[in-house]
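Biologist: Please show me the model. I will ask about it piece by piece, and I would like the cut-offs along with each answer.

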Amino acid sequence: ELRSRFIEVEGKPMKYISEFREIELERFDFSGIEGSYEFDEWVREKSETPIKLSDSDLYYFAGIKFSEKETGFYFLVHHIICDGWSVGLVINQIIDTYNKLKDEEEIPTDKMPSYSTYQEIENKYLDSEKFAIDGMYWKKMFEIMPEPQDIKPHSLSTGLSSERITL
């Protein structure tokens, strides 16, 4: 839930969902000669700036102009409210909304399910007979464990990177 916020109550962190409000989308123009370098530096600066956890937005969006024909958006979110799967959902929703605007289609105003809704569904499954049946299936599948396989190490990149996707 992108509108999740945290406050301190009697010395303990408490989560709440803030009311809906429109936000002004900042826009940046990196279409100049040094645009690519300036964009990379801007991304580095934004990515290295800590997000304030106490009663503030835990996300940031900005519109980016790379050239007269190439634009994009920048999305930064704190991992406390959005995991990798959720990031994919948000990006797909942005792309879908953009395409609807571009094609002059109506944008649905239905609320998307919140993470809390997914948690409720998962908890119901964990308490269900289906979960017990699924558990028995997997226990049976792994009664005899397969031989361990060699795992090759993967080198991790420590640098920041970004990807441009043309819509």
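**A predicted chain, by question**

Biologist: Is Lys100 buried or exposed?
Modeller: Buried means under 20% relative accessible area, exposed means over 50%, and partly exposed lies in between, with a 1.4 Å probe and protein chains only. Lys100 has a relative accessible area of 18%, so the residue is buried.

Biologist: What does Lys100 touch, not counting residues up to four places away in sequence?
Modeller: Lys100 is found in helix H2. Contact means heavy atoms within 4.5 Å. On that basis, not counting residues up to four places away in sequence, the residues touched by Lys100 are Glu105, Glu106, Ile107 and Pro108.

Biologist: What kind of model is this, and how are residues numbered?
Modeller: It is a predicted model, in which local features need pLDDT of at least 70 and side-chain atom pairs count only at pLDDT 80 or more, while totals for chains, interfaces and linings use all residues. Side-chain values use heavy atoms, with hydrogens and water left out, and residues are numbered along each chain as its sequence is written, from 1.

Biologist: In what order do the elements of the protein chain run?
Modeller: Helices (H or I, at least four residues) and strands (E, at least two) are DSSP runs, numbered from the N terminus. The protein chain has four helices and five strands. From the N terminus on, the order is β-β-β-α-β-β-α-α-α.

Biologist: Which residue takes a positive phi in the hairpin of S1 and S2?
Modeller: Two strands pair if DSSP finds at least two bridges between them. Strand S1 (residues 4–9) and strand S2 (residues 12–17) pair in the antiparallel sense over six bridges, and Glu8 stands opposite Pro13 in S2. The hairpin has two residues between the strands, and the positive phi, near 55°, belongs to Glu10.

Biologist: Which are the edge strands of the open sheet of three strands?
Modeller: The order in the open sheet is S3-S4-S5, with mixed pairing. An edge strand here pairs on one side only, and this holds for strand S3 (26–29) and S5.

Biologist: What angle does the direction of helix H2 make with that of S5?
Modeller: S4 and S5 pair in the antiparallel sense over seven bridges, and the bridge partner of Phe61 in S5 is Phe75. Helix H2 (residues 84–102) packs on the sheet and touches S4 and S5. Axes are lines fitted to C-alpha atoms, for helices over the stretch in contact, and angles run from 0 to 180 degrees between N-to-C directions. The angle between H2 and S5 is about 150°.

Biologist: Which elements give two or more residues to the largest nonpolar core?
Modeller: A nonpolar core is a set of buried Ala, Val, Leu, Ile, Met, Phe, Trp, Tyr and Cys residues joined through side-chain atoms within 4.5 Å. The largest has ten residues: Phe30, Phe39, Trp42, Val43, Tyr60, Ala62, Ile64, Phe66, Tyr74 and Leu76. Two or more of them come from each of helix H1 (35–48), strand S4 (59–65) and strand S5 (71–77).

Biologist: How are the rings of Phe30 and Phe39 arranged?
Modeller: Rings of Phe, Tyr and Trp (its six-membered ring) pair if their centres lie within 6.5 Å; planes under 30 degrees apart count as stacked, over 60 as edge-to-face and the rest as tilted. Both Phe30 and Phe39 are buried. Their centres are 5.5 Å apart and their planes are at 70°, an arrangement that is edge-to-face.

Biologist: Why is the pair of Tyr137 and Trp138 edge-to-face?
Modeller: Tyr137 counts as partly exposed because its relative accessibility is 45%, and Trp138 counts as partly exposed at 48%. The ring centres of Tyr137 and Trp138 are 4.9 Å apart, and the pair is edge-to-face because the planes are at 80°.

Biologist: At what distance from the ring centre of Tyr60 does Lys46 lie?
Modeller: Ring pairs link Tyr60 into a cluster with Phe28, Phe30, Phe39, Trp42, Phe66 and Tyr74. A charge sits over a ring if NZ of Lys or CZ of Arg is within 6 Å of the ring centre and within 35 degrees of the ring normal. Lys46 lies over the face of Tyr60, and the distance is 4.2 Å.
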